[in-house]
Amino acid sequence: MSAMLNRVDGGDGGEIDAASLGNNSVDSSFFNRVRSIDSNVAIMAFEYLVGNGKLSMEDADEAIRLAAGGGANANANDGAMDAAGHGPVGGGDVGGGGGGKVTPSSSFSSSYSNNNGASGHAIITKAKTDSTGTSRRRRRLRADATKTTRAHYRTRHVALQFSYDGTEYSGYAQNVGVLDDNSVEKDLFAALERTNLLVMPVMVEEVDGGRTTNVTSARAASMYSRCGRTDRGVHAHGQVIALRLKSAFPPNVRLANVVVGGEEGGGNVATDVNVDDPSSSWSSSSILDEDALPRNSIDGLDCFVPPSSSAVRRTIVEYDYPRILNGVLPPAIRVLGWCPVTSEFSARFSCRERTYRYFFPRRNLDLDLMACGLRYMMGKHDFRNLCKMNVEQVYNFERVLIRGKVVSPQVVHEVRAHTSDDDDDDHDDASAAPPVSSTSMSTMSPSPRDMCHVEIVGRAFLWHQIRCIMSVLFYVGRKLESPTLVRDLLDVDANPAKPSYEMASEAPLVLHRCSYGNNLTFGRTVRNLWDATKVLERRWEGHAISAERARDELDSLRAETEVRWTDLMDFVERIADGRRGARGGRRGQRAGSGANDKADGGDVRSGLIRRRGGADTISWGSAVEVIEGALAGVHPHPPSGCGGHLPRGQTESSVHVPIMERSRGTTYEEKVRSILSSSGEGAGGGIAGGGDRVKSSKRKERYEENIIRKRKTAEEDKAFYDRMLRQGGSSSWQ
């Protein structure tokens with residue numbers, strides 16, 4: 001650490017050589033304290049000195065090289081810095097090959113930039129003053145990835161698997177450039193920058209106001225791809241991304257031909273060799289290429305690392321990327337595993353299956369009917385009536401659902417497509433719907449509070465497709481619609497326009513798994529999974545306690561509270577009258593429907609009087625049963641999938657309107673014609689305002705870019721996906 005303080009501001013603007021002070025000028029206890037502090041504190045001290053112009057960037061880099069053991073000739077072997085400890089910052093006891101607790105990145109300048117600039121390349125301004133008080137030339141420095149960063153570290157193309165609770169997030173994808181963006185992706189990239197794992201973007205140096213712009217974004221530089229894009233409030237248990245990250249292995253490290261086990265970040269020195277001696281072990285060893293690197297964070301390699309003229313033999317273990325990131329990520333996001341992948345691997349296009357789960361309480365749902373509705377969706381169908389059409393980006397609404405389940409504590413209902421082979425197998429004939437197989441799981445009696453879920457597995461999904469599917473299945477489960485409603489919605493020839501219905505809530509929806517077949521095997525460490533499990537257990541306990549408190553309050557209210565019979569009868573009669581009026585209004589709109597409705601009509605009050613007997617009061621639990629028995633379909637809980645509240649405009653007196661009798665939206669063809677014909681005309685053929693003209697023009701540009709210019713033939717699509725589905729990687733546990 002004394003070498004790191006080699007040039008420190010003396011307090012009056014001049015610079016003092018700390019080494020020239022000697023032991024008489026600086027008490028030895030000072031350096032003892034420096035050696036004992038956490039490395040994060042040392043890094044913050046560097047940031048303070050550089051940021052306030054008290055320490056030059058060049059001197060900071062030189063000090064780190066000297067402290068790393070490079071000596072005065074460290075510039076001759078810049079790459080040796082990595083082996084001496086250049087690695088990610090943060091995340092607890094982590095580090096590079098040097099075995100330090102927390103170590104800086106490949107150069108101090110890139111470390112400082114990543115920790116202080118929102119975009120990962122903050123501009124640092126430094127001013128010096130001479131004895132006359134005249135300002136010297138001000139220099140604005142940017143980290144130049146090609147000169148000061150990339151030459152000093154190795155990168156690897158890796159896949160990361162992680163989970164997140166999307167409750168407080170605006171969605172997974174980041175709205176780049178939006179200041180108040182609150183996405184999972186934003187937090188993820190902030191963690192990658194903070195830990196210095198992210199590949200630095202290409203930038204140039206600015207001197208004396210001269211400017212040459214040649215910037216590549218960090219995402220493009222890292223070859224970033226993501227498997228799924230979840231909406232606001234949606235969660236994920238098995239999201240996958242792929243990108244290039246910095247490695248613990250320096251670019252010029254050579255294999256010592258010994259494979260050993262070790263701790264991540266370990267650095268057991270074995271022996272030194274002369275790199276100039278042709279008879280040394282260094283000369284006979286080979287430089288490691290990316291394919292030869294360890295494929296997990298457990299197995300280490302015995303390597304020769306050249307900090308200067310002599311190479312150090314050292315055991316290097318790859319960074320535990322999940323644990324490093326979890327050290328700085330919010331608890332809502334947990335990285336679970338990683339593995340190296342091929343250069344062409346795409347987290348999106350190499351994925352074979354995506355699994356979604358939607359959780360809900362049983363309530364009064366008929367799960368058998370829901371499974372019957374789900375079976376019509378298996379195979380390849382056009383789902384334009386079961387999604388939100390984004391015609392500016394999508395022209396093909398056919399998707400393949402491979403299998404599905406309706407799961408309760410008692411029974412699992414499962415449906416499978418006839419085949420999950422290539423899309424050439426056409427299974428959109430409704431008559432070919434597969435049968436439902438049911439497996440008993442428990443003999444316990446069903447309860448309205450049983451937690452159930454629907455699982456849907458497909459190759460790819462449309463915008464809001466799962467939430468639309470669940471909304472329709474809930475109508476079927478509540479016996480408001482027949483399972484054949486699904487068949488009707490999938491018949492886009494007969495029904496080209498989507499009828500109006502509410503989507504199911506986003507809160508219970510989870511991207512459960514992204515599957516890559518046998519092409520991808522994630523590596524995990526016990527230490528990271530233990531820490532992640534502790535976070536998830538705390539999250540579960542908080543939710544479980546809240547749910548139990550609510551259950552206890554409900555049970556107490558039902559058992560310990562009474563109401564008057566007369567008040568109960570007035571309540572039921574008022575709702576029954578409202579429902580009769582609503583049904584009567586609909587009869588007036590439907591010719592030939594004049595039958596008297598007796599479901600909620602007739603002498604409701606007389607029936608309640610007979611049930612009352614001579615009692616004046618009734619317990620609240622029994623009163624709820626009376627209300628549910630007298631008014632079919634009325635319950636104190638909201639309909640399943642509504643996020644804990646009644647749908648917009650719905651009350652206890654509302655009457656269900658069959659979905660196929662509701663108003664329809666515009667068809668896909670009508671939407672496309674509207675986009676292509678937009679030339680400044682507003683609604684009704686008038687001239688649109690300036691804002692409308694700009695909006696219409698942008699919609700047309702997006703459609704032409706995504707649908708017309710980027711559209712591929714079926715043969716091109718097939719060749720592309722065949723190649724991408726062969727990509728992958730493994731953690732090589734064996």
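Mentor: Let's start with a definition: buried means under 20% relative accessible area, exposed means over 50%, and partly exposed is in between. Keep in mind that this is a predicted model.

Trainee: Okay, so why does Cys372 count as partly exposed?

Mentor: Its relative accessibility is 28%, and Cys372 gets that label because 28% falls between the 20% and 50% cut-offs.

Trainee: And Cys339, buried or exposed?

Mentor: Cys339 is buried, since its relative accessible area is 0%.

Trainee: Switching topic: which residues have the most contacts inside the largest nonpolar core?

Mentor: Leu160, Phe360 and Met470 do, in a core of 101 residues. Helix H13, residues 465-477, gives that core its largest share, with eight residues.

Trainee: What does Met470 touch?

Mentor: Leaving out residues up to four places away in sequence, Met470 touches Tyr358, Phe360, Met370, Val454 and Ala504.

Trainee: What's it in contact with, then? Which residues does Gly477 touch?

Mentor: Asn364, Leu365, Asp366 and Met370, again not counting residues up to four places away in sequence. As for Arg362, 115 residues separate it from Gly477 in sequence, and their C-alpha atoms are 9.7 Å apart in space.

Methods. Residues are numbered from 1 along each chain as its sequence is written. This is a predicted model: local features need pLDDT of at least 70, side-chain atom pairs count only at pLDDT 80 or more; totals for chains, interfaces and linings use all residues. Side-chain values use heavy atoms; hydrogens and water are left out. Buried means under 20% relative accessible area, exposed over 50%, partly exposed in between (1.4 Å probe, protein chains only). A nonpolar core is a set of buried Ala, Val, Leu, Ile, Met, Phe, Trp, Tyr and Cys residues joined through side-chain atoms within 4.5 Å. Helices (H or I, at least four residues) and strands (E, at least two) are DSSP runs, numbered from the N terminus. Contact means heavy atoms within 4.5 Å.
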